[in-house]
Amino acid sequence: MAIRKKGSKKKPATKTAKKTAKRKSAKKAAGKKAAGASAGGKSRAAGAKPSSEPVSAGARVAVLMGSQSDWSVMKAAVDVLDGMGVGCDARVISAHRTPDRHHDYVTGAREAGIEVFICGAGFAAHLAGVTAALTALPVLGVPLEGSALQGMDSLLATVQMPGGIPVATFGIGKAGAKNAGLFAAAILAGTDPVVREALDEFRARQSAAVPIRPE
Ligand code: RP5
């Protein structure tokens, strides 16, 4: 039998008291976890601010790039989609420099009207892969040049996804960005006759622009 010390307010720890205490501390821990999740959580990078900019009205394709320095190349995807009347939302979002912005954007994108992601990144390019991990929407990856390995690093990082989380990977650089834009249009054209027509017109214009003889 447990003996209470004189003056001690603590009750003897019976089996029932121990169980109750265990339940209470589990409940407290669960409450803290929930509060952390809704407030951003402790796992978030210190000082990182989630993006509060809403997705552009009417945008159906999100064009993400890891750095401002990627824009001159990734613009090729936006240009081709703009030309077909498909709305884009272009963002500088890095999976490693702005992880909260990335998480918040990708997880809210479907509800905001986004149907396809195009992700361009250089070096150890994990932007497309992490995006695909967070959404079941189609993710098109564009490997970018810039490192000492001239984009071979980003190509392999983007294309070599382990089975289970697919990323459709395009060529390195501007041609890859342009083709990713066209492929995004092709995905939308599957259910949207207006985009299908725009894509057919794009192809027809492209064919007509090829000279019969070299000029
Ligand atoms: C990647 O690192 C970006 O996608 C970019 O291609 C590359 C270099 O970024 P900066 O150092 O130019 O910002 O994350």
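Colleague: How many of the contacts in the protein chain between residues at least 6 apart in sequence join residues at least 24 apart?

Modeller: A contact here means heavy atoms within 4.5 Å. Of the contacts between residues at least 6 apart in sequence, 68% join residues at least 24 apart. Bear in mind that this is a predicted model, where local features need pLDDT of at least 70, side-chain atom pairs count only at pLDDT 80 or more, and totals for chains, interfaces and linings use all residues. Residues are numbered from 1 along each chain as its sequence is written, and side-chain values use heavy atoms, with hydrogens and water left out.

Colleague: OK, what does the secondary structure come to?

Modeller: Helices (H or I, at least four residues) and strands (E, at least two) are DSSP runs, numbered from the N terminus. The protein chain has 7 helices and 5 strands, and along the sequence they follow α-β-α-β-α-β-α-β-α-β-α-α.

Colleague: In what order do the strands sit in the sheet?

Modeller: Strands of a sheet pair through backbone hydrogen bonds, either parallel or antiparallel. For a pair to count, DSSP must find at least two bridges between the two strands. Here the order is S2-S1-S3-S4-S5, an open sheet with parallel pairing. Strands S2 (88–92) and S5 (168–169) stand at the edges with a single partner strand each, so one side of each has no neighbour in the sheet. As for S3 (residues 116–121) and S4 (residues 139–143), they pair in the parallel sense over 5 bridges; Ala121, for one, has Pro143 in S4 as its bridge partner.

Colleague: Which strands does helix H2 touch?

Modeller: Helix H2 (residues 71–83) packs on the sheet and touches S1 (61–65), S2, S3 and S4. For directions, axes are lines fitted to C-alpha atoms, for helices over the stretch in contact, and angles run from 0 to 180 degrees between N-to-C directions. H2 makes about 170 degrees with S1. Helix H6 (residues 174–189) also packs on the sheet, touching S1, S3 and S4, and makes about 170 degrees with S4.

Colleague: What does the side chain of Ser94 reach at 3.2 Å?

Modeller: The backbone nitrogen of His96. A polar atom of the Ser94 side chain also lies 2.8 Å from the backbone nitrogen of Arg97. Leaving out residues up to four places away in sequence, Ser94 touches Gly66, Pro99, His102 and Leu127.

Terms used. A polar contact is a pair of N or O atoms within 3.5 Å; within protein, one must be able to donate a hydrogen and the other to accept it, and residues adjacent in sequence count only if both atoms are side-chain atoms.
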